[in-house]
Amino acid sequence: MTRFFCTAILIFLPCTLEAQLRFYWEGEFTDMERTKLTTWIEGTSSALESLVGKLPFDVHVHLHRASSSRGPVPWGQTRRGSRQGILLYVDPTYSLEELKADWTAPHELSHLVIPYFGNRYSWFAEGFASFMQYEVMKAEGVLSDADAEQRFRERVDRAERRYRWHDMPFAEAAPHIRAARQYPTMYWGGALYFRRIDETLAAERDLNLLGVLTSYVSCCRMKRTSMDGLLTQLDEISGTDLFSETMREFKTREGFPEKSL
Ligand SMILES: [Zn+2]
């Protein structure tokens, strides 16, 4: 709707009514705090946009004031449905640098790049956002390539050490991992789905996952689809069967996912 107005009515003006961030302040924030938090989320959103393009919908950002000794963003969640957005509990007394160094906002915003297909595939959704969060932090200049790689490997190695469902495929084990509240194990095992595809695209096709996602966001993000439909779209964009084949492997190969090519 906003795009229609933009092209039909404001044809001679810059098209600023296209999809944008919309902020909601839950709790008391000073003007300075609002400015700082707006700058922070806009920076994270721009970093994501530099990787996959502009999301074709408004992103509703709900910021709840928190007081936390556990870091600037003690909790976050993605909001789905007719309105896409994120909800963050944030302690605005932390500095902008400390806010940017937290992974929660890059993680939650990244979720919005692909649709959500329910609890059954929460390992896929969380794996995706976990893969993306360090890419976003690199794009924002918060993490170096080496730091991001080290963090990724540490988290995957820890997940592998904690994995206890060796007699079932990872996709089948995911609900059990969740029930055991071993969330990081599910997140980082899931991230290996995307890491594998990214590495294979680079090795065999001179492509990468972010390039495929950029095409996906622009052509297909607004199309309603199923999980299988999404994988088919990504396969078609990449000219491979990697997305559906890797899913098949995650559904059939027992044990923790293989870590690398
Ligand atoms: Zn998540």
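**Zinc site, strands and domains in a predicted model**

Q: What makes H111 and E126 count as buried?
A: This model is predicted. Buried means under 20% relative accessible area. Both H111 and E126 are buried, so each falls under that cut-off.

Q: Why are H107, H111 and E126 called donors of the zinc ion?
A: A donor is an N, O or S atom within 2.8 Å of the metal. NE2 of H107, NE2 of H111 and OE of E126 lie 2.0 to 2.1 Å from the zinc ion. That is within the cut-off, so they are donors.

Q: How are the donor residues spaced in sequence?
A: The spacing is H-x3-H-x14-E. H111 sits in helix α4 (residues 104-111) and E126 in helix α5 (residues 122-139). They are 15 residues apart, and the pair links distant parts of the chain.

Q: How do you know that strand β1 and strand β2 pair?
A: Pairing needs at least two bridges. β1 (residues 21-26) and β2 (residues 59-65) have 6 bridges, so they pair. The sense is parallel. One of the bridges joins R22 to H60 in β2.

Q: Which hand does the β-α-β unit of β1, helix α2 and β2 have?
A: The unit is left-handed. Its helix, α2, covers residues 31-52.

Q: What area is buried between domain 1 and domain 2?
A: About 1,800 Å² is buried there, and carbon and sulfur atoms give 69% of that area. L51, V52 and H107 supply 31% of what domain 1 buries against domain 2, more than any other three residues. H107 is also a zinc donor.

Note on methods:
Residues numbered from 1 in each chain as written. Predicted model: local features only at pLDDT ≥ 70, side-chain atom pairs only at ≥ 80, totals over all residues. Heavy atoms only, no water. Donors = N, O, S within 2.8 Å, 3.2 Å for Na, K, Ca; no water. Helix = DSSP H or I, 4+ residues; strand = E, 2+ residues; numbered from the N terminus. Buried < 20%, exposed > 50% of the residue type's maximum accessible area, 1.4 Å probe, protein only. Right-handed = clockwise from strand over helix to strand, strands pointing away. Buried area = accessible area lost by both parts, 1.4 Å probe.
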